[in-house]
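Subject: Structure handover

Hello,

Here is the structure I promised to pass on. Please open it beside this message; my notes on it follow below.

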Amino acid sequence: MLSEQEMKRYTRQMMIEGWGEAGQKKLKNSTVFIAGAGGLGSPVSIYLAVAGIGNIRICDFDSPDWSNLNRQILHDQTRIGTNKAVSGKMTLERLNQDITVTAFTDKIVAENVDELVGNADIILDCMDNFPTRYLLNESARRKKIPLVYGSIWGIDGRLSFIHSPETPCLQCIFPEAPPKEVFPVLGATPAVIGSLQALETLKYLSGMGTTLKGQLLVWEGATTDFKKYKIRKDPDCPACGNGKN
Amino acid sequence: MKVKVKLFALLRQFGPDEQTVELPEGTTIDDVVRSLKLPGTIRLLRIVNGEHRPADHVLKDGDDLALFPPIAGGWI
């Protein structure tokens with residue numbers, strides 16, 4: 001059931017075709033796991049919180065510093081030194097008191113990933129590195145839940161909706177991790193990709209529209225170019241190939 | 001045969017954004033990556049005419065090959 005306050009809060013989005021009160025109730029009963037409360041995790045968690053996702057599990061072991069504040073809009077200068085998941089929970093609860101936010105301050109490793117994801121219906125990949133993404137990819141496969149992949153660099157971004165074995169898994173697309181680096185980035189970049197990650201999640205959970213499954217979206221900010229490419233399973237994929245399906 | 005090759009993101013420091021190359025019949029995607037001296041250390045995402053293909057995919061005249069490196073960002 002939606003409360004009177006929730007009916008008012010979500011009235012404009014329930015007007016969207018295919019959403020309605022039924023879709024809104026599905027969101028209220030949903031749980032998401034957001035891996036990373038940084039550049040992508042900020043717009044992802046903010047738009048999922050204000051859309052009325054009932055349970056948000058957000059995880060980050062780091063704390064914000066000055067060089068994060070050009071894009072990590074969950075945090076501000078008063079939160080420097082506070083854990084990002086904890087700071088994120090404070091911001092999200094201020095935006096929407098009708099939802100439950102749980103903060104996890106752990107570093108995601110092979111030993112804890114399944115427990116951190118918990119009973120989530122979907123995983124939001126808001127990481128900055130592929131080794132952790134591969135752990136999320138494996139956890140999503142074990143739990144048979146989707147993973148919304150996003151990554152950014154400068155004013156470029158990529159996005160896909162992964163639900164293995166129905167779709168190729170993340171490692172079918174990018175089998176090897178690029179080297180770790182401090183990369184250029186602007187706040188509007190994760191805003192573009194993070195908003196699309198949130199939208200893919202809301203479509204999947206509410207049942208509205210169709211997701212980006214089996215496709216990779218490549219966005220080039222310099223030319224405002226959005227292209228979608230069909231992606232295929234890699235029979236030699238280290239995660240899902242050679243009969244691992 | 002002629003194949004159009006497009007480079008994306010960081011690969012652009014190794015060649016023009018877009019070029020048409022003359023190749024012998026039977027050339028694979030991996031042959032092109034080597035001939036353009038692109039960094040072979042990281043496996044690239046290879047798209048031919050809008051579809052994801054493996055490294056040993058044999059190219060045809062008029063193909064459009066796009067090469068993408070993985071990008072990691074999001075969180076730091």
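On the interface, 23 residues of chain B are in contact with 44 residues of chain A, contact meaning heavy atoms within 4.5 Å. This is a predicted model, where local features need pLDDT of at least 70 and side-chain atom pairs count only at pLDDT 80 or more, while totals for chains, interfaces and linings use all residues. Residues are numbered from 1 along each chain as its sequence is written, chains are lettered from A and ligands numbered from 1 in the order in which they are written, and side-chain values use heavy atoms, with hydrogens and water left out.

The interface

Chains B and A bury about 2900 Å² between them. Of that area, 60% is on carbon and sulfur atoms. Buried area here is the accessible area (1.4 Å probe) that two parts lose on being put together, summed over both.

There are 2 salt bridges between the chains. A salt bridge is a side-chain nitrogen of Lys or Arg within 4 Å of a carboxyl oxygen of Asp or Glu. In one of them, Arg12(B) pairs with Glu220(A), with the closest N and O atoms 3.0 Å apart.

On chain B, β3 (45-48) and β4 (51-52) each supply at least two residues of the side that touches chain A. Helices (H or I, at least four residues) and strands (E, at least two) are DSSP runs, numbered from the N terminus. By class, that side of chain B has 14 nonpolar, 5 polar and 4 charged residues. Ala, Val, Leu, Ile, Met, Phe, Trp, Tyr, Cys and Pro count as nonpolar; Asp, Glu, Lys and Arg as charged; the others, Gly among them, as polar.

Salt bridges

Over all chains the count is 20 salt bridges. Within chain B, Glu22(B) meets Lys2(B) at 3.8 Å, N to O. This pair links distant parts of the chain, 20 residues apart: Glu22(B) lies in strand β2 (residues 18-22) and Lys2(B) in strand β1 (residues 2-7). Shared partners also join Glu220(A), Arg12(B) and Asp17(B) into one network.

In chain A, Lys25(A) and Glu21(A) form a salt bridge at 3.7 Å, N to O. They sit 4 residues apart in helix α3 (residues 20-28), so about one helical turn separates them. Lys25(A) is partly exposed at 30% relative accessibility, and Glu21(A) is partly exposed at 36%. The terms are buried for under 20% relative accessible area, exposed for over 50%, and partly exposed in between (1.4 Å probe, protein chains only).

Arg133(A) bridges to Asp125(A) at 2.7 Å between the closest N and O atoms. Both residues are buried.

Inside chain A

Asp125(A) also belongs to strand β4 (residues 122-125), which is covered on both faces. Ile122(A) and Leu124(A) are buried on one side, Ile123(A) and Asp125(A) on the other. Strand β1 (residues 31-35) runs parallel to β4(A), joined by 4 bridges. Strands pair if DSSP finds at least two bridges between them. Val32(A) stands opposite Ile122(A). β4(A) also pairs with β5 (residues 147-153), again parallel, over 3 bridges. There, Asp125(A) stands opposite Tyr149(A).

Helix α4 (residues 41-51) of chain A is mostly covered, with 9 of its 11 residues buried. Just after α4(A), Gly52(A) takes a positive phi of about 95°.

Best wishes
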